[in-house]
Amino acid sequence: MKRIAIIGGGISGLSAAFFLEQRRLAGAPLEYLLFEASPRFGGVILTERVDECLVEAGPDSFLTEKPWVSELCRELGIADQLVGSNDSQRKTYILVNGKLIAMPDGLAFMIPTKILPAVLSPLFSRHTKLKMAREWFHTPLEVKNDESVASFVERHYGKEMVDRLADPLLSGVYGGDASQLSAKAVLRRFVEMETRCGSLSKAMVKNRSQAIGKSSRPIFTSLKDGMQELVDALVLRIPASYVHSNAPIKSLRPVDDGWRVSWKDNTEQFDSVILAVPSYVAANLLDSSNANLASELRGIQYSSSVTLALGFDQKVRALLPPGFGYLVPRREGKRVLAVTFVHHKFPHRAPEDRALLRCFLGGTRDESVLELPDDEILQIVRKELHQVLGIKTEPRFARVYKWKAAMAQFNVGHLERLQRIEQLRREVSGLFFAGNAYNGIGIPNCVRSGQQAASQAFGVEA
């Protein structure tokens, strides 16, 4: 009988547990236990109902093109609950000199694929538009050393593109800094395009032309009752006797034939351990047994964030521009990094006579915002919403969610660090990692990492 301990009950750990549960039900000689330090499972995934609105405290969706969450939902029998984003209303604004300017049509993340909309857009200066035109003539280039996202984007489109698009986009996704994030880890597909084609714009147009005729899918997908529905479905499929909440791990020690795990007043032995926790937590657990591996894990930095959900009445809904929301470049001097108009982005999120906004603060440049009391954060956000959107109305409700050191930063050299971690991990029997610190931060990547770690722990190391 193989015994596996899964430490961490976020989406990665739950996905690992569900994978193992499916094997157990199929008759595999297997036993596993899932440990979660907090009272609830799901990590940063949390959905609440407030004043008839569906409020996401953490991620509100996942990228549709990454299939692992949709596949998991089918296995769980909740595929009929998947809902796509309202892409017919998709428009994103950038705050420039205090004014909202729509991102031009044809931008694929930050890559211009249509010349005319980019040329006519007031978002870019004449100098940047000339850089965009010249970029079409870039020849293939292979850069051996890693570089920052800022450096990569500036080589192709200039510094203004970094300041107005790359940095605020990645600040919204990673809570990070384009001058620190790794191009090879964060923009892997674009780096491959540069190697193959030279021009990113030309490569993207070619990819899109090859995709013509394929069924169009929404960019984002969520669940009708919120992302918490995925967590709840996973928890229901895992026997209660196999899960332990409020169970922080006291110690984790390698022994001759496995691992000894201690929690509360219990100590048990397992053949394998899956650490589905932030890398700094994994480092703390491994400090006494493998200092080198712990040091590498601790080298992965994290950012913190604050999400503020605000509900307003019809008057504010009518005041808002169409679209999904706006991003704020650093030079604007605001503390709010981005605002999402949730009632536009997804159906079933708010009644027709309400507006639901999610505002994001924090990141690597403003960690101190987490130390502020909730009412002060609300005051900051309301002031900036008034400045940008003209909203003076008192919100119907406000909910503040603080996520301390929750988002891994894939800084320059991240892929090389992962290679060192993997080499050190392979020297230790029965140890596996899952989570957002390694090969992707989104929910699909976390699901996949949990499944892969469980597969490795269950089978033979590849």
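Where is the place of Asp-51? Asp-51 sits in the loop between strand E3 (47-50) and strand E4 (53-56), where strands (E) are DSSP runs of at least two residues and helices (H or I) are runs of at least four, numbered from the N terminus. This is a predicted model, so to speak: local features need pLDDT of at least 70, side-chain atom pairs count only at pLDDT 80 or more, and totals for chains, interfaces and linings use all residues. Residues are numbered from 1 along each chain as its sequence is written, and side-chain values use heavy atoms, leaving out hydrogens and water.

- Most residues other than glycine have a negative phi.
- Asp-51 has a positive phi, near 50 degrees, and is partly exposed, with a relative accessible area of 30% (buried is under 20%, exposed over 50%, partly exposed in between, with a 1.4 Å probe and protein chains only).
- Ala-405 also has a positive phi, near 45 degrees; Ala-405 lies in strand E21 (residues 397-408) and is buried, at 17%.

**Nonpolar cores**
- A nonpolar core is a set of buried Ala, Val, Leu, Ile, Met, Phe, Trp, Tyr and Cys residues joined through side-chain atoms within 4.5 Å.
- The largest one has 74 residues, and among those touching the most other members are Phe-35, Leu-165 and Phe-433.
- H6 gives this core its largest share, 7 residues.
- A second, separate core has 40 residues, including Phe-18 and Leu-72.

**Contacts of Phe-433**
- Beyond its neighbours within four places in sequence, Phe-433 is in contact with residues including Leu-275, Arg-425 and Tyr-438 (contact means heavy atoms within 4.5 Å).
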